[in-house]
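Thanks for coming. I'll keep this short and go through a few local details, so please have the viewer open.

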Amino acid sequence: MAPLNKLQEKYDYICIGGGSGGVASSRRAALYGKKVALIESSPNLGGTCVNVGCVPKKIMWHAADLADRLRHASKGYHFENVPPPQFNWASFKPQRDAYIRRLNSIYEKNLEKEKVDYYGGTARLVSPNEVQITPSDGGEPYVIAGDYITVATGGRPTMPSEDQIPGANLGIDSDGFFDLKDQPKRVAVVGAGYIAVELAGVLNTLGSETHVLIRRDRVLRTFDPIIQDTLTPWMEHTGINIHRNTSVTKVEGQKGGELTVHLNDGTQLKVDCVLWAIGRHANTEGLGLEELGIQLDKKGDVVVDEFQRALFVEGKPQLENIFAVGDIQGKALLTPVAIAAGRRLSNRLFGPEKFKNDKLSYEDIPTVVFSHPTIGTVGLTEPEAREKYGSDVKIYKSSFRSLYFSQIEEEHKEPTVYKLVVVGEEERVVGVHIIGQGSDEVMQGFAVAVKMGARKQDLDDTVAIHPTSAEELVTLR
């Protein structure tokens with residue numbers, strides 16, 4: 001369906017942003033029979049996740065993982081005539097992109113099926129109930145009105161300014177990673193978070209000389225220490241060059257050519273690509289939020305209450321009809337979080353009486369990292385648990401190798417480490433942190449257990465599935 005480009009009558013609900021949260025919330029509202037509009041400024045629906053995030057990233061991870069499996073097939077598992085993997089980035093990219101375009105089309109069809117009016121253009125709140133749309137096709141701006149408005153414009157990668165780091169714009173961000181037409185031979189990834197870890201792992205496994213520049217001594221510093229301490233040395237073992245206590249002072253060269261990266265210790269790196277993965281920030285500019293009095297925090301995120309209602313600055317009346325979901329409100333920047341928050345918001349606003357207090361709990365949200373090997377985590381880290389519960393915390397953990405690696409040479413056997421954080425005499429499980437083959441799939445089920453308040457005894461009472469890595473979590477001693 002083509003985006004609308006004309007003034008419509010008043011809506012029950014307007015969603016600004018066609019990513020995961022906006023699409024989920026608008027569709028749920030439409031299911032309740034409400035008249036709904038959705039506004040998206042980019043050419044494609046689906047937001048970061050579909051276009052330059054979760055989905056294409058996971059596809060690239062699969063390609064890298066397959067490269068590892070091909071290497072293991074001949075030496076470890078004695079398959080014959082298996083050549084060393086040679087990845088053709090240039091031919092794979094169009095195929096990957098075509099799949100993403102199919103997903104964009106599915107998003108459009110779903111809006112059409114649910115009778116959500118889709119507007120292509122940039123949005124700006126001009127009153128508590130009115131949104132001005134500047135059409136993407138260059139047409140004259142116009143205004144639509146709605147009883148309720150949700151802002152779900154997401155976020156984007158943070159790039160250093162030229163004032164901060166001369167030559168910073170010679171690099172790319174994580175969005176730019178998916179624009180690369182050819183695989184760079186040498187890459188410097190700047191950052192220690194999950195995006196840096198994931199993209200560095202893909203590049204290294206597919207054969208790029210990969211450098212990771214981190215300000216301290218370990219990656220994934222917000223994760224449990226056991227994750228940091230396991231993954232950081234393993235990344236180095238696989239050939240990634242980790243530069244600790246390092247910052248970039250200058251980048252010289254030409255985009256598309258050789259780049260010289262100047263480091264704070266006076267040394268230099270010669271690479272073909274600099275990839276900044278130093279964080280993300282909310283897309284709040286130009287929306288008219290501050291003019292209405294909507295409160296933004298120091299990072300620029302919309303401040304919301306437990307029901308996703310946007311809070312207003314002191315001196316402005318608190319309105320009850322403007323909301324924010326997803327990355328723009330700065331908590332748990334994950335696609336399923338935006339979807340869950342958006343759907344629960346529409347349930348509460350437009351659904352039956354049983355949903356009158358529906359809201360998303362931001363506690364015990366599971367997440368995974370598509371590193372090599374993968375990571376799964378839910379709940380409190382050990383330091384967080386000790387700060388909250390003190391001496392009532394007890395740790396169960398185990399280190400082993402997945403059975404798959406029994407036939408693989410020792411130097412290529414990936415580590416697996418599982419950790420439970422439990423509290424009190426009843427040993428309630430408040431944290432699960434796992435790294436190793438299959439951890440991304442294992443985590444979902446155990447996240448349910450944590451959300452339900454499982455005790456260590458509940459895990460002990462569960463019969464193990466053998467032989468699996470997951471069974472280790474129900475046999476820990």
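Predicted model: local features only at pLDDT ≥ 70, side-chain atom pairs only at ≥ 80, totals over all residues.

Four strands make up an open sheet, and reading across, the order is β9-β8-β7-β13, with parallel pairing. At the edges are β9, residues 241-243, and β13, residues 273-276, and each of these pairs on one side only. From one strand to the next, the twist averages 20°. If you zoom in on β7, residues 186-190, you'll see that β7 pairs with β13 in the parallel sense over 4 bridges. To find that pairing on screen, pick A188, whose bridge partner in β13 is V274.

Next, D358. Where does D358 sit? D358 lies in the loop between α9, residues 335-350, and β16, residues 367-369. D358 is buried, yet it has no salt bridge. The nearest side chain of opposite charge is R344, at 4.3 Å, and the cut-off for a salt bridge is 4 Å. What the D358 side chain does have is a polar contact of 3.0 Å with the side chain of N347. Leaving out residues up to four places away in sequence, D358 touches F307, R344, N347 and R348.

Last one, T205. This residue belongs to helix α6, which covers residues 194-205. Is T205 buried or exposed? T205 counts as buried because its relative accessibility is 8%, and the limit for buried is under 20%.

Definitions and conventions. Residues numbered from 1 in each chain as written. Heavy atoms only, no water. Helix = DSSP H or I, 4+ residues; strand = E, 2+ residues; numbered from the N terminus. Buried < 20%, exposed > 50% of the residue type's maximum accessible area, 1.4 Å probe, protein only. Lys, Arg positive; Asp, Glu negative; His and termini not counted. Polar contact = N/O pair within 3.5 Å; in protein donor to acceptor, adjacent residues only side chain to side chain. Contact = heavy atoms within 4.5 Å. Pairing = 2+ DSSP bridges. Axes fitted to C-alpha atoms, helices over the stretch in contact; angles between N-to-C directions.
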